[in-house]
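Here is a short report on one protein model. Keep the structure open as you read.

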Amino acid sequence: HELEELDYTLLYQAYSAKGRNPAVDPKTMFKILTYAYSQNIYSSRGIETACRRDINFMWILAGQKVPDHSTIARFRTGFLADACENLFYQMVRQLADAGELSKETVFIDGTKLEACANKYTFVWKKSVGKWEEKMFARMEEAVLMLNREYLQSFCISRENRTADLQRIVDYLKEHCFSHSVIFVHGRGKRKSVHQRYLELFQRFLDRQLLYDLHHSRFGTRNSYSKTDVDATFMHMKDDHMRNAQLKPGYNVQIGVDSEYIVAADIFQDRNDVWTLVPFLKHMEKQLGFRYPSVTADSGYESEEAYDYLKEQGQAAYIKPQTYEKWKKRSFKQDISKRENMDYDEDTDTYTCHAGKTLSPLYVKKQKSKNGYESEVTVYECSDCSGCPYKDKCTKAKGNKRLYVSKNFISLRQISYENIMSETGTRYRMNRSIQVEGAFGVLKNDYDFQRFLLRGKTKVKLEILLLCFGYNINKLHAKIQNDRLKSYLFSLKTA
């Protein structure tokens, strides 16, 4: 019933008006895929087998011809690619209209899932840069020898090395052609000087083109996999040896409201902190409404995130990264920490354990990876020489310095007060149940540990189909247990 009321216009538009009609109606094919993902069947061959043997799949087909695995694979990666996201958010809006979503807060979390790629196909940005520099030194030597040999004035620059190499190779080819140089290959043959120079610079050019290809694929990342160029190498928690191996994977972000997955997206960042703002922007655009508050764990805390939520008028329920440390006695007794120093707002100074004043020295600006600019005030102690507490306070040879982002501290304090309130406590408890519970179901109950498709677009398609299946199962379970329109779990009272 939920899938029946969706608008399939975009899906039908993916098919050509010319040519024969598809063997199975696209709407039926979509229902088969969604149901398959809700029943832990992910491979096209597995879905084909289910269509032949499972009475539920036969009922969905309603007498239509059973699609073979290649038809299912072609439909999933080809025709469904552009329409799946539209259909998913249509379903979420349907749940909202039916009063199944609280629209009060959204719980956000991420997990890393392994890509369909060989774990030994890594390319590291640092390694590529190192080998490129070594080759550049050899190229400069070769160009000097070439200029002496041919009485030319070729030069090679770091910025235009590919174009410069191409120019040298073109010159050498023309020279060999005009002088009718005979090229020889194989053992026992002596190559001419012209052939040796041409082959040397051709090797340089081929290698440089390969390095250029690597750089174009890296983007802002430090690594990628040759088998799936969109996958980034990340630490995976769930290794059988529990040793957090680096494997090619994707960072999957989901937003949960009232136990339903209301948004899902794929990121190549290894860190959650840079994903929050783009994820919220994308979610709001697709859903057509904005949540009044956002609940997330400490992995998402940043000044940029706090600032964005403040601009949008959304309350931040984000746990500070130092939340657990603040509780410890060792932190409270650490005299080097800013939190354990007295601050005078009127004079804008800190007083250390020894009673000395730390005054503002200068304000520096720093830019984040996303281009967000923040201001950091640098405080320096008046004189640390001869201080009996210096060893415990700082490792600096000179005076103690503090680096303080005032905007970040004030926004963090607001978020901290939010999470410590009664509502905040309830949200935090529900976040761990609802969003981490959703990942637990997807990874363990649904046994979805690794993607089957390659490329960011297809990987996102797989996650959306999985979320479709999850939401249908969740709605069915709520109907069965008479739990419709239940939004948050209550706190246990002692």
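Predicted model: local features only at pLDDT ≥ 70, side-chain atom pairs only at ≥ 80, totals over all residues.

Two strands pair if DSSP finds at least two bridges between them.

E7 covers residues 293-296. Strand E1, residues 105-114, pairs with E7 in the parallel sense over 4 bridges. Strand E8, residues 315-318, also runs parallel to E7, and 4 bridges join them. Take Val 294 as a guide. Val 106 stands opposite Val 294. In E8, the bridge partner of Val 294 is Ala 316.

Are the faces of E7 covered or open? Both are covered. Ser 293 and Thr 295 are buried on one side, and Val 294 and Ala 296 are buried on the other. In a regular strand, side chains alternate between the two faces of the sheet. E7 also belongs to a right-handed β-α-β unit, together with helix H11 (residues 303-312) and E8.

Helix H3 holds residues 44-53. Its buried residues include Ser 44, Ile 47, Glu 48, Ala 50 and Cys 51. They cover an arc of only 160° around the axis, so they lie on the same side of H3. An α-helix has 3.6 residues a turn, so residues three or four places apart point the same way.

What covers this buried side? The cover includes helix H2 (26-38), helix H4 (55-61) and helix H5 (69-79). The face turned away from the buried side carries Arg 45 and Arg 53, which are exposed.

Helix H15 has 15 residues, 406-420. At 1.5 Å a residue, it should span 21 Å. Its end C-alpha atoms are 21 Å apart, which agrees.

The buried residues of H15 are Phe 408, Leu 411, Arg 412, Ser 415, Asn 418 and Ile 419. Their arc around the axis is only 115°, which puts them on the same side of H15. H11 and E8 are among the elements that cover them. So are helix H12 (323-327) and helix H16 (422-445).

## Glu 380 in strand E12

Glu 380 lies in strand E12, residues 373-381. Which side chain does the side chain of Glu 380 meet in a polar contact? The partner is the side chain of Arg 401, at 2.9 Å.

Definitions and conventions: Residues numbered from 1 in each chain as written. Heavy atoms only, no water. Helix = DSSP H or I, 4+ residues; strand = E, 2+ residues; numbered from the N terminus. Polar contact = N/O pair within 3.5 Å; in protein donor to acceptor, adjacent residues only side chain to side chain. Buried < 20%, exposed > 50% of the residue type's maximum accessible area, 1.4 Å probe, protein only. Right-handed = clockwise from strand over helix to strand, strands pointing away. Arc of directions from axis to C-beta. Contact = heavy atoms within 4.5 Å. Expected span 1.5 Å × (residues − 1).
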